[in-house]
Amino acid sequence: MSRSVAQALAGALLGALALGGCGSSGSEGAAPSSPSSSPVKTLTMLPAPEKTLSGGLTAELQQSSRDVALGRFQVWITNGLQEEIRPRRIVYHDALLTRPVEGERLRPIPSGSYRGYPLELIEPTCGGEEAGATVTVSYSGQSVEVPVEDETQVVGRWSKERCAERAIERVAALEWSPGMRIEGSGADAVALFRLTAHPTGRDGTFTIDTVTGTPLYTSADGDFWTVDELVTGTGPEKTVELPARPARCDVHAFGSATGGTTFFVNVTIDGEPAQVRIAMSPEVTDEAFSYAAEVCGF
């Protein structure tokens, strides 16, 4: 973000915080309330129910937005044993990934508790089939293999998206290119985001079908952009301009939104639909934020 845009957003944010901190302190001179004449009741605390332990270890995958940004996911292990365990090695095995992945930030798991261990999102096999992932937990001189639940398909989604990226990159690389034009002025201004395909010279084609908006930007004509553009690996470079506007004019959102300039691009390649994320570079992000500052009056 340019210094002028950053200063404008910071100034607006400080103004909003200052207004939020000003409030009525209540009426002065109000008479104190009289004490209640109702008798005080004594409540007896019931004992907390005892935990029911499973008698073993269980595991599941989770992925927060921070994990996505850091290119990782986490395996959460629940200790259903009577005693604390101290993992000295955790290894995740999945046929969708090219090799086993070792867990990081190893720390003890008390009895009846659970802990999350980060795992790197490595390259997928692109052709492997789901065969039931497991995690091997080594502690106290033994190694236990535990089935892993993946209810939200963390690895499956990553594998599908990354394999689609690789298939697309073999034909043409996609990027948001700098030099966006602005049509109109003030609150009515529309930015033309430039999505460019750079053919590799290899055989193959794909179609850019649609592009979805983000928490910060949306299509000027609706909720998403319809592109319907054929890209050929041996053809010329292509750039499509997508008319955009801010999805909101909230300075707090622009100051803290994660993925605000990362867009989902839906394509069809080899007759199959796929979706990839295309993030704006810092240079293009600066252009997009400068445009939003003009439209929103930051």
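Guide: One term to start: buried means under 20% relative accessible area, exposed means over 50%, and partly exposed is in between (1.4 Å probe, protein chains only). This is a predicted model, where local features need pLDDT of at least 70, side-chain atom pairs count only at pLDDT 80 or more, and totals for chains, interfaces and linings use all residues. Residues are numbered from 1 along each chain as its sequence is written, and side-chain values use heavy atoms, with hydrogens and water left out.

Visitor: How many disulfides are there?
Guide: A disulfide is a pair of cysteine sulfur atoms within 2.5 Å. By that rule, the count here is 2. Counted along the chain, the bonded cysteines pair up as 1-2, 3-4.

Visitor: Which parts does the pair C126 and C163 tie together?
Guide: Helices (H or I, at least four residues) and strands (E, at least two) are DSSP runs, numbered from the N terminus. C126 sits in the loop between β5 (114-120) and β6 (134-139), and C163 in helix α3 (residues 154-171), so this pair ties together parts 37 residues apart in sequence. Their S to S distance is 2.0 Å.

Visitor: Is C163 buried or exposed?
Guide: C163 is buried, at 17% relative accessibility, while C126 is partly exposed at 34%.

Visitor: And where do C249 and C296 lie?
Guide: C249 and C296 are joined with S to S 2.0 Å. C249 lies in the loop between β13 (238-246) and α4 (251-256), and C296 in helix α5 (residues 282-296). C296 is buried at 17%, whereas C249 is partly exposed at 49%.
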